[in-house]
Structure formats: structure tokens, C-alpha cells
Amino acid sequence: MDLSRKRLDYCLLAPDGEQIEAGATPPDADGLRGFARGVETRHGPVLVRAAIESMNGARFVHDELERLGWEVEVADAQKVKGLGPLACKTDRIDAWVLAELSRRDLVPAVWLPGFEQRQERERARWRLFLVRKRSSLKHRIHAQLLAFGHTCPVSDLFGARGRKLLARLEFPEPWHSGVLAAVQMIDELDAEIAAIDKELKALGADHRYIPLLMSAPGIAWILGYTIAAEIGDITRFSSPKKLVGYTGLCPRVYQSGNTDRRGPLTHAGPKYLRWALMEAAVHACRHQVYAARYQANKKRLGKQRGAKVAQVDIARRLAEAIWHMLTRNTTFAPAGATRALAA
């Protein structure tokens, strides 16, 4: 099946590869139920194995058809392109490629979190969305100050002293109204974020991963909740390298003969997990466990890119430590550390 905004193109193949049927159906709940009933009416109560590319809305199609008795896999879109390169591309051809991969049991399926974990992810992601909107508004206000020659003598423009400064500054219209509206929206976002923080803290109190994650350098309970929600079940990663690869913080590898080059980061996996690990790495760089490694890499790589690349390296190290912590159910302990003896 190939999903677009207003239609779901499909291609039905027999076990021997013969094309039985092709067409399109609306991708809403009624359309999917009618599609499944039509297949059963025309071809009998047979087992249907389906595949659909990973994209917005694919999870809804997956859930609806699984409730109707189908076996549905969500395929990694990038890996599908590698398995089935096309000379020409249409929605019907894409549907046929997925059907053929499903028939041959070659679908590069992605892991789908359960509904409860999707709720956890959405709470953490919604908080991050609001924080970014708040930061954008703050940056806009600072830009307006610079645009009209106003300095910022206070350390926090949005604290008590900063609010008094903003109240007495003179701006021409419509910039003055815009600054006041932005300040009001920041206050509303502050209240919304505080409520989410309270909710996340209450929900994370019973999560078995979060206390372990908070023992690692640079990870407080907000980042701990985000990392736990994005990772899900740690047992699906067989090694630390698998988890690091899932974060997308590994460079691309180009090897051919004697040539071995490293490219940009793959950026595979959830971007929110990468964000959380990079935020933790910024603080972990100053921790005694990682400070020497960070400074050595930063000096070796130079001023232009050294700091950023060194932070990515620390983020990968944190991901490896997280795998060991969660699989062994132990708090953070750097290599070589020993437990204190008690008499």
C-alpha cells in the first residue's frame, strides 16, 4: 500500500506473484473498513499480509487494518528505495514494490511502539515543541531591542527586573504591541510548560528507567523521561552499538577496496532522542568522567568544528553507558570504577 494525503493506492499479489487486483481507496476509517470487506468479499476469508511505507498516517492505517485481521508491516522508506530502485516512480508502482517485498518476506520493517509508549513520547515531544516556541519568542524580543538601539543591562530579560525594563522602553507601533503580545504569550507558555513538567514528574516517578538515567552525567528528570520514552524497551537492542546506531549519531561509512571514509551523521532514528543526548552531552562535557576526552578531541579537531564533533562523541559515549545501565539495571558507573567496600 502507498499512502498519500487523499488516497491509499494498493496492489494485491497472489503467493506466486500474480497481480490479482490494483486500485485506490480513501485512507480514512470508513474507507479502510470498506476496503478490507471488499477484499474478503471478492477473494474469500484469506490471510492478508500487507506493507506500507513509514510516513505520517501510516500508523493509523496499520492499526485499523490489524484490527480487521490483517498482518501489516510498516517499512522503512529509505531502505525500501535501496531494495527496490525504480526507473520510474508512481504511487501504483510503489504499491507493487511493497507488495512484492512483502510476498518475498523482505520488508525492512520498523519497530512500532505500543499505545502507552506513544503517549509518553507525545508528552515529551509536546513539551519540547512549546519550549522551542517560547525560545523563538524570546529571540524575537531580543532582536527588537537591537533593532531600536536598546541595550539589555539585565542578565534575564524575562525576570522581574527585565519585565520592568520592557514596560518602560519606548517602541514605535506596531513593534511595541508586538513585544507586549510576545511577552504575554511567553507567560502563557511558561504556565503550560510548568503544568506539563508537573505531569511528567508524576508519571516518571514509577518508571524503572528514569532513576537509572538520572544517575548519568548531564541527565535530569526531563531528559531522562524523554530518553526513556524514545528508547522504549532496551532489550530490542542487542548491543551498545545497536543503540548508538539507532540514535543516528554515527557517521556514514564509505568503503571500497582500500578506501575508507566517514561522512556526515546518518540522522537515523528519532530526532528527539538525538536532541536529548546532545543536551545531556553539553553538560556531561564538564563532568570529570568525560572532560579529559572532550578537551582532547576538541583540541585535536581545531576551533572550527572541534567543540561540536567532540560533543557528538560524548553523546555516543552516553548512549553506550545508557545501554549498559538499562540492561544491567544499575546506576551510572564509568569504566574502571569499583564499588565502595563496607565493613
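The following conversation goes through a predicted model, one question at a time.

Colleague: Which strands stand at the edges of the open sheet?
Modeller: The open sheet is made of three strands in the order S1-S2-S3, and their pairing is antiparallel. Two of these strands have a single partner strand each, so one side of each is left without a neighbour in the sheet. The strands at the edges are therefore S1 (2-3) and S3 (19-25).

Colleague: In S2, which residue is the bridge partner of aspartate 2?
Modeller: Strands of a sheet pair through backbone hydrogen bonds, either parallel or antiparallel. Here S1 pairs with S2, which covers residues 8-13, in the antiparallel sense and over two bridges. On the S2 side, the bridge partner of aspartate 2 is aspartate 9.

Colleague: Over how many bridges do S2 and S3 pair, and which residue in S3 does tyrosine 10 stand opposite?
Modeller: S2 and S3 pair in the antiparallel sense, and the pairing runs over six bridges. Within S3, the residue that stands opposite tyrosine 10 is glycine 23.

Colleague: What is the phi of glycine 17, in the turn of the hairpin?
Modeller: The hairpin is formed by S2 and S3, which have five residues between them. Glycine 17 is in that turn, and its phi is positive, at about 95°.

Colleague: Which helix lies across S1, S2 and S3, and at what angle does it run to S2?
Modeller: The helix in question covers residues 91-103 and lies across the three strands S1, S2 and S3. This is H4, and its angle to S2 is about 40°.

Colleague: Is glutamate 64 buried or exposed?
Modeller: Glutamate 64 is found in helix H2, which covers residues 58-67. Leaving aside neighbours within four places in sequence, its contacts are Ala29, Leu32 and Arg33. The relative accessible area of glutamate 64 is 13%, and since a residue counts as buried under 20%, glutamate 64 is buried.

Colleague: At what angle do the axes of H7 and H9 cross?
Modeller: Two packed helices are described by the angle between their axes and the distance between the axes. For helix H7 (residues 175-204) and helix H9 (residues 221-231), the axes come within 10 Å. H7 passes H9 in a left-handed crossing, and the angle at which the axes cross is roughly 65°.

Colleague: How many residues of the contact of H7 with H9 are nonpolar?
Modeller: On the H7 side the contact has Asp197, Leu200, Lys201, Leu203 and Gly204, which meet Trp221, Ile222 and Tyr225 in H9. These residues divide into two charged, one polar and, for the nonpolar group, five.

Colleague: What is the distance in space between glycine 178 and arginine 140, C-alpha to C-alpha?
Modeller: Glycine 178 lies in helix H7 and counts as partly exposed, at 37% relative accessibility. In sequence, glycine 178 and arginine 140 are 38 residues apart. In space, C-alpha to C-alpha, they are apart by 9.6 Å.

Colleague: Which residues are joined by a cis peptide bond?
Modeller: The bond is identified as cis with an omega of about 5°.

Colleague: What is the relative accessible area of histidine 267?
Modeller: Histidine 267 is found in the loop between S7 and H11, and it has a positive phi of about 55° although it is not a glycine. Histidine 267 is partly exposed, with a relative accessible area of 48%.

How values were computed: Residues are numbered from 1 along each chain as its sequence is written. This is a predicted model: local features need pLDDT of at least 70, side-chain atom pairs count only at pLDDT 80 or more; totals for chains, interfaces and linings use all residues. Side-chain values use heavy atoms; hydrogens and water are left out. Two strands pair if DSSP finds at least two bridges between them. Helices (H or I, at least four residues) and strands (E, at least two) are DSSP runs, numbered from the N terminus. Contact means heavy atoms within 4.5 Å. Axes are lines fitted to C-alpha atoms, for helices over the stretch in contact, and angles run from 0 to 180 degrees between N-to-C directions. A crossing is left-handed if the near helix is turned anticlockwise from the far one by less than a right angle, and right-handed if clockwise. Ala, Val, Leu, Ile, Met, Phe, Trp, Tyr, Cys and Pro count as nonpolar, Asp, Glu, Lys and Arg as charged, and the others, Gly among them, as polar. Buried means under 20% relative accessible area, exposed over 50%, partly exposed in between (1.4 Å probe, protein chains only).
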